[in-house]
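Student: Could you walk me through this structure? I have not looked at it before.
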Amino acid sequence: MLGSKIKWSTGLILVILLIVATNFIDRNNFQRIQDSVYSIYEDRLIAKNFIFDIQIKIHEKEMLLAQQKDSILASERTASQKTILGLVEGLSNTGLTKEEKRVLSNLSEEVNSLFTIETTYHNALNKNSVSKRFKEQIKNISNTLSQLSDIQISEGKRQMQVGKKAMESIELLTQLEVWIMIFLGVLVQFIILYNPKKKVED
């Protein structure tokens, strides 16, 4: 009777250990997928949106400067600068890699330099010389924004690979679980049903 209980307990413990182990591994893989999807949305798509909006605001300045619409450029200067600074700050609050932080730091410096040149431009009597610096700084910012856009693409691909590997791990684990369950089922049956015969003494 006691031996039978031990056998049942051993079989039950093996099944419970398998369930706990597979559940832990599954949760870990699902967490990796969730983190990957969240990172793609929060740190890549939203960041890409910030970059795009900054590009639009910078392009607006570039167009007004090219068309020599100085009065409009001057009237919109304060609101435009405030918007750009807000977008840069929003971008800084997303999950940035080390490289992104470096490029974003350069962008912040370039934006501040642009605002300084813009103020000088509006106060200058001879705007031609300042206009050239204005255009060059806009170009510098556009190049930096392109760098940030490229990083979004590469990081997005990396996160997709992380999610893909997690999915492959889950598929492999599911197959292993089936075979392990079959093996344990056979093992439990063997433990429960095995009843070695005692040797008969002469």
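Predicted model: local features only at pLDDT ≥ 70, side-chain atom pairs only at ≥ 80, totals over all residues.

Student: At what angle do α3 and α4 pack?
Tutor: Helix α3 (residues 77-92) and helix α4 (residues 98-123) pack at about 175°, and their axes are 11 Å apart. Helices here are DSSP runs (H or I, at least four residues), numbered from the N terminus. Axes are lines fitted to C-alpha atoms over the stretch in contact, with angles from 0 to 180 degrees between N-to-C directions.

Student: Are they roughly parallel or antiparallel to each other?
Tutor: α3 and α4 are roughly antiparallel, a label for angles over 145 degrees.

Student: Which residues make the contact?
Tutor: Among them are Ile-84, Leu-85 and Val-88 of α3, and Leu-107, Val-111, Phe-115 and Glu-118 of α4. Contact means heavy atoms within 4.5 Å.

Student: Turning to charges, how many salt bridges are there?
Tutor: The count comes to three, where a salt bridge is a side-chain nitrogen of Lys or Arg within 4 Å of a carboxyl oxygen of Asp or Glu.

Student: What does Glu-118 pair with?
Tutor: Glu-118 forms a salt bridge with Lys-61, and their closest N and O atoms are 2.8 Å apart. Glu-118 lies in α4 and Lys-61 in α1, so the pair ties together parts that are 57 residues apart in sequence.

Student: Are Glu-118 and Lys-61 buried or exposed?
Tutor: Both Glu-118 and Lys-61 are buried. Buried means under 20% relative accessible area, exposed over 50%, and partly exposed in between (1.4 Å probe, protein chains only).

Student: And where do Lys-57 and Glu-60 lie?
Tutor: Both are in helix α1 (residues 2-66), three residues apart, about one turn of the helix. Glu-60 is partly exposed, at a relative accessible area of 35%.

Student: What about Arg-102 and Glu-99?
Tutor: Their side chains also meet in a salt bridge, at 2.6 Å, N to O. Both lie in helix α4, three residues apart. Arg-102 has a relative accessible area of 42%, and Glu-99 has 39%.

Student: New topic: which residues does Thr-144 touch?
Tutor: Leaving aside residues up to four places away in sequence, Thr-144 touches Val-103, Leu-107 and Glu-110. Thr-144 sits in helix α5 (residues 127-193) and is buried, with a relative accessible area of 5%.

Technical notes
Residues numbered from 1 in each chain as written. Heavy atoms only, no water. Helix = DSSP H or I, 4+ residues; strand = E, 2+ residues; numbered from the N terminus. Parallel < 35°, antiparallel > 145°, perpendicular 65-115°, else oblique.
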